[in-house]
Amino acid sequence: MSGRVLVVDDVATNRLLLRAKLSSAYYDVVVAENGTQALEMACSEQPDMIMLDVMMPDMDGFEVCAILKAGQETAHIPVIMVTALDTPEERIRGLEAGADDFLTKPFNDLALFARVRNLMRMKMMFDELRLRDLTSRELGLTDFVSEQEIEVEAGGPILLAPPCLLQGAEWDAQLREQLGLATIVTTSEREAMNLARLELPDCFVVHQNLMEGGDGLRLVSALRARPETRQAAVILVVENGDVQTAAKGLDLGASDYIESPFDGSELVARIRSQLRRKRYSDRLRSNVRNGLMMAVIDPLTGIYNRRYASQHMNRVMERARETEGVFAVMMIDLDKFKSINDRFGHDAGDAVLREFSRRLQENIRGVDLVARFGGEEFFVAMPDVDQAAAAHAAERIRRAVEGSPVVLPGGAGEVSVTVSVGVAIASAADVDAEAIIKRADTALFDAKESGRNRVTFFARAA
């Protein structure tokens, strides 16, 4: 499944309609008939998203949303509020209650699925950050970070990219008055990118049409592609009713969109919501990074060490049990590494280890975990990966190492390096992390015994 969605509506017809639409796109859908049931199911089912009707008999959607966002177990779940009253007041009230988005009945399918995809991607990113943060806290390295505690304090400026200078002045006046944060205004796509590198804004408000033929969608895509702006909030402004551009913007990486003309208070509410989300993700990243530096980061290569990897395996196994999925574990060993140390010295050996670590990280996904177990032995855990995908990834790593020699420091020349890879596939039925690692280690031994520079899978006994 693409993700689990909890649909909350007191009207059976509405529940059935949404369930049919989402199921057709391969989402796993569960339903609740009222607010009380929704709160219970949010805790028990832990959905990836909640679609919440505003008007319900026992408690309205605003109250339910506020309770969800105040709860430690549910605060991280994105909430789309569904309403028949498409007014700025309704949207502002929902955003202030913690809603991540709004949809108006009757649904536009293009807008529906674009919103759902966008928030699912956000949820996956936050899940990974929270997963790593939990591992760090269990090791006693960091303190708990609560999303509810995050405030929109001063940080980087807000960059406004309006369609003309007059509209830019209006946006600027509204934000300065209500938000109290520094702003930068430009109507040029090129200047916006230059300012983004220099000023490092926390949030961008980008109109779909910029001056001098500028393209707001192209700017959104470029902002997401650049490392220095990748984590910033991006709100796309679309002309009223232009659902296609809005959907394309969300798919290109916009955090949110707002239709023009808009109420200034709604834009402020959306910016506050996005900045709060960004501050939370920044805190999680900082928590993990700072807490791990001394205790669980290998000082030579800058990647995780065995202590962290062993603990993180528990999280990977929990995810497999929750999704009833599979995952892959790799053990990787540099072939004949001792001869490099003997021939060129330990400085050269260290350079080879650092370069191999770099190539390894370039050839895995962001959700995968890579660690140095000691010496020339490395470990990779890959959630939600079956044997075919693991084989492809392992071969990609092997070729990336074999493909070009490593340049040694001090003008000592270069050396060709190869690796042997042992892979084990595990499932929800596997409960012993060390046993899984041992299977991958056994496969690694077979790869080296078979001639090195190859990938070998662990073969279960018949």
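Is Tyr-280 buried or exposed? With a relative accessibility of 4%, Tyr-280 counts as buried, where buried means under 20% relative accessible area and exposed over 50%, with partly exposed in between, for a 1.4 Å probe and protein chains only.

Quick housekeeping before I go on. This is a predicted model, so to speak of local features we need pLDDT of at least 70, side-chain atom pairs count only at pLDDT 80 or more, and totals for chains, interfaces and linings use all residues. Numbering starts from 1 along each chain as its sequence is written, and side-chain values use heavy atoms, leaving out hydrogens and water.

Back to the rings. A search of the whole structure turns up five aromatic pairs; for Phe, Tyr and Trp (its six-membered ring), rings pair if their centres lie within 6.5 Å, and planes under 30 degrees apart count as stacked, over 60 as edge-to-face, the rest as tilted. Phe-126 and Tyr-280 have ring centres 5.6 Å apart and planes at 15°, so that pair is stacked. Phe-126 sits in helix H5 (109-138) and Tyr-280 in helix H10 (264-295), 154 residues apart. Helices (H or I, at least four residues) and strands (E, at least two) are DSSP runs, numbered from the N terminus. Phe-126 is buried too, at 6%.

Another one is Phe-356 with Phe-378, edge-to-face, at 4.8 Å centre to centre and 75° between the planes. Phe-356 belongs to helix H13 (346-362) and Phe-378 to strand S14 (377-383), so the pair ties together parts 22 residues apart in sequence. Both are buried: Phe-356 at 3%, Phe-378 at 0%.

Now the sheet. Five strands make an open sheet in the order S2-S1-S3-S4-S5, with parallel pairing; two strands pair if DSSP finds at least two bridges between them. S2 (28-32) and S5 (101-104) are at the edges with a single partner strand each, so one side of each has no neighbour in the sheet. Between S3 (49-53) and S4 (79-83) there are four bridges, and Asp-53 stands opposite Val-82 in S4. Helix H1 (12-24) lies across S1 (4-8), S2 and S3, at about 170° to S2. Those angles run from 0 to 180 degrees between N-to-C directions, with axes fitted to C-alpha atoms, for helices over the stretch in contact, and contact means heavy atoms within 4.5 Å.

Last stop: the axes of H11 (306-323) and H15 (433-449) come within 10 Å and cross at roughly 110°. Met-313 and Met-317 of H11 are among the contact residues, as are Ile-436 and Ile-437 of H15.
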